[in-house]
Amino acid sequence: MTVPNPGAFAVPPQQPQSSAVNPAVPAGMPRPPVKPPLTRDAARRARLAGGVGGGIAWLGLAIVQICVLLVLLPLGLAAVLLGVVLAWGGGAPGGSASILPELLPWLGSPVAIALMIGIPVGIVVSLLGLWLSTRMLRRRGIERPVAVTWAAFGISIVAASILNGLGSSAVSPLAGALPNVEFDGFRPMEVPQIDPGVLADLADPDRLLALAWPFIVIATLASLVVQVAVSIFCWWWMAHAMRPATEPAEEA
């Protein structure tokens, strides 16, 4: 009687898979590069670049905004006041004819010229802040400092615009409730009858800017707090997103 060979029924041991093969990556495909976390020093430098360089860039845009608003305010208000005078007076009575002609010489005054010069000056200040940001990022060895700076600045502009829109939406219900409030029998939406000559005096650009510039400057500079805070986050975010890989792609 023939005795069967016991080794014929033995199950061959399974070979362990190599740890170097990534089962999620098909054979023959390169593995994605490994991106290590952003170092603490690089993250701190990115936030500092966003606060300093981004803050200077926002300051330049604030200068541009202030100058543009102060230049356009007399032009827009003069046109509105002229329309009000024509609507109330049924024509162009009295001092209404002097609203727009008095504005033309003001455009050549030293104040108007200084405001117009402030527009390109603000643009230069903004570009200087972005250049300073790239220098600060490059000193700490952050890769692609120019791309990080411009991407972060663009995202911060969009984010700040959204926040400003949300703030305006929150304030608008309060403004809409004002017409329903009465103060000693006077309702804010009731427009009193004003002499057209008084409206012509209010259209004086020098007097108008003397009244309006503190509010425009304070409101614009107050928004810098939110804009700088947004820039600090966006600079860190872009530095983290654009961090380099330390290991090249490998064949599986």
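**Terms and values**

Mentor: Start with α3, where a kink of about 25 degrees lies at I119, shortly before the proline P120. The model is predicted, so local features need pLDDT of at least 70, side-chain atom pairs count only at pLDDT 80 or more, and totals for chains, interfaces and linings use all residues. Residues are numbered from 1 along each chain as its sequence is written, and side-chain values use heavy atoms, without hydrogens and water.

Trainee: What makes about 25 degrees the value at I119?

Mentor: The bend at a residue is the angle between axes fitted to the seven residues ending there and the seven starting there. At I119 that angle is about 25 degrees.

Trainee: How do you know what span to expect for helix α3?

Mentor: The expected span is 1.5 Å times one less than the number of residues. Helix α3 (residues 110-139) has 30 residues, and its 43 Å from first C-alpha to last is close to the expected 44 Å.

Trainee: Why is C67 called buried?

Mentor: Buried means under 20% relative accessible area, exposed over 50%, and partly exposed in between, with a 1.4 Å probe and protein chains only. C67 has 8% relative accessibility, so C67 counts as buried. C234, at 3%, therefore counts as buried too. Buried residues in α3 include G118 and G122.

Trainee: How many disulfides does a search of the whole structure find?

Mentor: A disulfide is a pair of cysteine sulfur atoms within 2.5 Å. The search finds zero.

Terms used. Helices (H or I, at least four residues) and strands (E, at least two) are DSSP runs, numbered from the N terminus.
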